[in-house]
Amino acid sequence: MTQGGGEEKSTFRWLDAARYAVAAAVTVLIMAVIVNAIKVVLRPESLQLSVRGGTVSAAPFRPPPEEVLAVELNLRAHNPSGQVRMYYLNISAYLFDKSTTASASLNPSFDCVIIFKPQDIAVLQQEAVDSMLALKAKKNSVGAPYFDVLYNGSRVSDMTLRLDGNLITEVTSDLNKTRPASYYCEQLLVGGNPDDEAIKYRQDVICKQGRGLN
């Protein structure tokens, strides 16, 4: 009788150990799923930017003697994430000619041709927002010789728009992820009226995201 009872207790111990092992494995699996889900939420797809029509319009706004150039472009922001809102804040935009590499400039406000100060951008999940970047530029605020070239109706190709700002991903109301983000929109055509046939049907230029420098 004593021997049989010992065997029974041993069997129960083995079953208990098996149950604990299965429970531990299930717990580890659940934790792995939770951690992976958190990673997906905290590292969503990034905000996508593009310049509509790949053009920056530039045309006379006021005649001489007070010459003013009206410069405008349509920047589209698309949030591909189905989980989080995205915000692009404190943005500075610089238009470079091809003599200067936009991504290499350590002093973009000095090296660029034109400076924009866009409004903050907020984009809901899986939506797109268009923002108009517009300014009225006097001759002393546009890098030479581009004011005269654009004011007289000519166009300049292969220009690059650089955007520096802070990209915020809203994970929850209490947890946001902020990081510097720079975008480079290359091979833009600058000049002319947006209704001109020469630029009316140009394709959008997709901006490349680089390492934030601000």
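Colleague: What makes K208 and E186 a salt bridge?

Modeller: The closest N and O atoms of K208 and E186 are 3.3 Å apart. A salt bridge needs a side-chain nitrogen of Lys or Arg within 4 Å of a carboxyl oxygen of Asp or Glu. The pair therefore counts as a salt bridge. This is a predicted model, where local features need pLDDT of at least 70, side-chain atom pairs count only at pLDDT 80 or more, and totals for chains, interfaces and linings use all residues. Residues are numbered from 1 along each chain as its sequence is written, and side-chain values use heavy atoms, leaving out hydrogens and water.

Colleague: Why is the pair said to tie together parts of the chain?

Modeller: K208 lies in strand β11 (residues 208–211) and E186 in strand β9 (residues 176–190), so the linked parts are 22 residues apart in sequence. Strands (E, at least two residues) and helices (H or I, at least four) are DSSP runs, numbered from the N terminus.

Colleague: Why is K208 called exposed?

Modeller: Its relative accessible area is 52%. Exposed means over 50%, buried under 20%, and partly exposed in between (1.4 Å probe, protein chains only). So K208 is exposed. E186, at 35%, is partly exposed.

Colleague: How many salt bridges does a search of the whole structure find?

Modeller: Seven. One of them joins R52 and D204, with the closest N and O atoms 2.7 Å apart. R52 sits in the loop between β1 (48–51) and β2 (55–62), and D204 in the loop between α4 (197–200) and β10 (205–206), 152 residues apart.

Colleague: What makes R52 partly exposed?

Modeller: Its relative accessibility is 30%. D204 has 33% and is partly exposed too.

Colleague: How do you know that E170 and R85 form a salt bridge?

Modeller: Their closest N and O atoms are 3.9 Å apart. That is within the 4 Å limit, so the pair counts. E170 is in strand β8 (residues 156–170) and R85 in strand β4 (residues 85–96), 85 residues apart. E170 is partly exposed at 23%, and so is R85 at 37%.

Colleague: Which residues have the most contacts inside the largest nonpolar core?

Modeller: They are L47, L49, Y88, F116, L161, L163 and Y183, in a core of 41 residues. A nonpolar core is a set of buried Ala, Val, Leu, Ile, Met, Phe, Trp, Tyr and Cys residues joined through side-chain atoms within 4.5 Å. A second, separate core of five residues includes Y94, A102, C112 and Y184.

Colleague: What is Y183 in contact with?

Modeller: Leaving aside neighbours within four places in sequence, its partners include L47, L49, Y88, L161, L163 and K208. Contact means heavy atoms within 4.5 Å.
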